[in-house]
Amino acid sequence: MNEHLLTLSGITEGQTARVSGLLSTGSMRRRLQDIGLIEGTDITCLQKSPAGDPVAYLIRGAVIALRSEDSSQIVVQC
Amino acid sequence: MGLTANSTGMGAVDHGLVIEKADLHDRVVALAGNPNVGKSTVFNELTGLNQHTGNWPGKTVTNAQGRAVHKGAGYIMVDIPGTYSLLAHSAEEEVARDFICFGDPDAVVVVCDATCLERNMNLVLQTIEITDRVVVCVNLMDEAKKKKIRIDFDQLSRNLGVPVVGASARSRKGLGELMDQVSAVIGESGPRKTVEIRYTKPIEDAIAVLEPVMEEKLHGRLSARWISLKLLDYDETLCTAMTEYLGEDLLSDPQVSEKLVEAQRKLSNSGVSQEKMKDDIVSCLVMTAENVCGDAVFFDRGNYNARDRKLDKILTSKWTGIPVMLLLLAVIFWITITGANYPSQLLSDGLFWLGDRLGDFMLWCGAPSWLYGAVIMGVYRVLAWVVAVMLPPMAIFFPLFTLLEDLGYLPRVAFNLDKYFKKASACGKQALTM
C-alpha cells in the first residue's frame, strides 16, 4: 500500500480529519457508509481504549469505536 | 371479539407473514427505526400486553405484532427489525425493506434518536423514497433536552414533507400525538409532496430512461422512481420479492428489459461502475440528510456532550479504564452477595416452615413414608433451597445490571475489553453478552 497515504489510524487524540476515501470493501464499506462515513465527512479522534485499540471517534454527532484494522482502511486529510 | 387470523392479501403478499387483525377495520402500521432508539419502548407503550412474537417467514429474524387502540380505532403495529438502512445488506434490512415495500402497511412510523437525528435521517429518507405514508417519531427527547439539543419540528416536517412528532416513549410523552398523526396520514387521500432525493447526474439520467416504462407497468402499485433506481442497482433480492408481489416478472417484459439495458449502458458510458453507483447513492442520501437537518436541529451548547467526554476520559482511559471497571463490577457483586443474605435467610426459613406444615398435613392424611420422603424431603426441599438461594441475588443483580445498561456503561466495557476478546477471535460485545 502507498505509504504516503494518511489513514484514520494515524490520527492522534483530539485531532480532526476529513475523509477522502474508503479502501474497505464489501459489508464493512457499506456499514461505514451507513453511519455517514462518506467523502468529506469530518471525524474527530476522541480517545483510545485502555489497550490502545479500538479507538473512539466522533462521526456526525455519534461516538463510534473502530478497530485499527478498519480505521487503517479510511483515507483522510488533515 | 376474539383474535381471528386474517390473511386476506396481507399474508400472501409478505411471503406468508400473517397479520392478525382483531377487527376488519384495523389499520396496519409498520414501526421502523435504527437500533437502540427506543423502538421497542414505543412498541410496548402503544400495544401494552396486547402483542405476540414469532419469526418472519423463512428468516431467523424475530417479528412482533401488537394491537393499539387510539380514539376508538384499532391499529396493528408491526415491529420491523432495527436497521440503519434499507439497502438490503443483511437479512434484517431485507425484511424491513420488504415489509415497508410489499407488506402494504397503511402507514410507516420511523422512530429516531433525537440525540443523533442526522444519522437517523438516512433511514427516514430511504423510507420516504418507498412510500409517502410516513410519520417520523423523534424519540428520546428527554435525553436531547439534557444535551441541549433543540429541534424545530415544524421546519423538519416541512423539509421532509411528512409529519414529525417529538416523543419520550419511556414516560409516554408524545405517543398520543404520534397516533393522531398516524391516523391523519392514513386518512389522507392523494399523494403527499415529500422531500426529493436527487442523485448524481448520470444516475438521474439513467432513472429518467427507465422511470416512464416502469410507471406504465406498475400502475401506481409501487414507486416507479424507486423501483427504477433499485433495478439499476442490480438488487436481486428486490427483484424476487417484487415478482412475488406483482405476480409477474417485470424483468422478462421486453419493454422493461430494453429500457434497462439502455439505462445501464448510459451509466457505464458516464463511467459509473456498479460499486461507484452504490457509493453515490449513499453519499446523496447522507448529504440530503445533512440538508434536511441543517435548519431544523440546533446544538445550543457548542460542545454539547462535553460531560460525556469527561466521563469517558475516566471510564475508558488507559490508566483508569480497567481499574474503574473492576471496581464497579466488584461493588455490584458485593451488593448482590451481601444484600442477598438477609432475604435468602428469610425465604428459606419461611419456605421450610411451610414445608414442615405440609409434611405434617401429609402424614396426618395417612400418606406412606416413601411418598412423604419423595415429595417433601425431595421435591419440595430442593425447590425451596433453589428459590431461597437463587431468587434474592437475581432480584438484586439484574436491576443493578439494567441500571448500568441504562447509564450506557456496557458499551464502554465492550470498548475497554475488545482487544482482549479479539485475541480469542471474539469481540468486546461478548464480554457482557450485549
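## Contacts between domains 1 and 2 of chain B

Between domain 1 and domain 2 of chain B there are zero salt bridges (a side-chain nitrogen of Lys or Arg within 4 Å of a carboxyl oxygen of Asp or Glu). Two residue pairs are in polar contact there, both at pLDDT 80 or more; such a contact is a pair of N or O atoms within 3.5 Å, in which, within protein, one must be able to donate a hydrogen and the other to accept it, and residues adjacent in sequence count only if both atoms are side-chain atoms.

On the side of domain 1 of chain B that touches domain 2 of chain B, helix 3 (91–102) and helix 4 (117–130) each supply at least two residues. Helix 3 of chain B gives the largest share, five residues. Helices are DSSP runs of H or I with at least four residues, strands are E runs of at least two, and both are numbered from the N terminus.

## Basis of the model

The model is predicted, with local features needing pLDDT of at least 70 and side-chain atom pairs pLDDT 80 or more, while totals for chains, interfaces and linings use all residues; side-chain values use heavy atoms, without hydrogens and water. Residues are numbered from 1 along each chain as its sequence is written, and chains are lettered from A and ligands numbered from 1 in the order in which they are written.

## Chain A

Chain A has two helices and five strands, in the order β-α-β-β-β-α-β from the N terminus. Its C-alpha atoms fill a box of roughly 30 × 30 × 20 Å along the principal axes.
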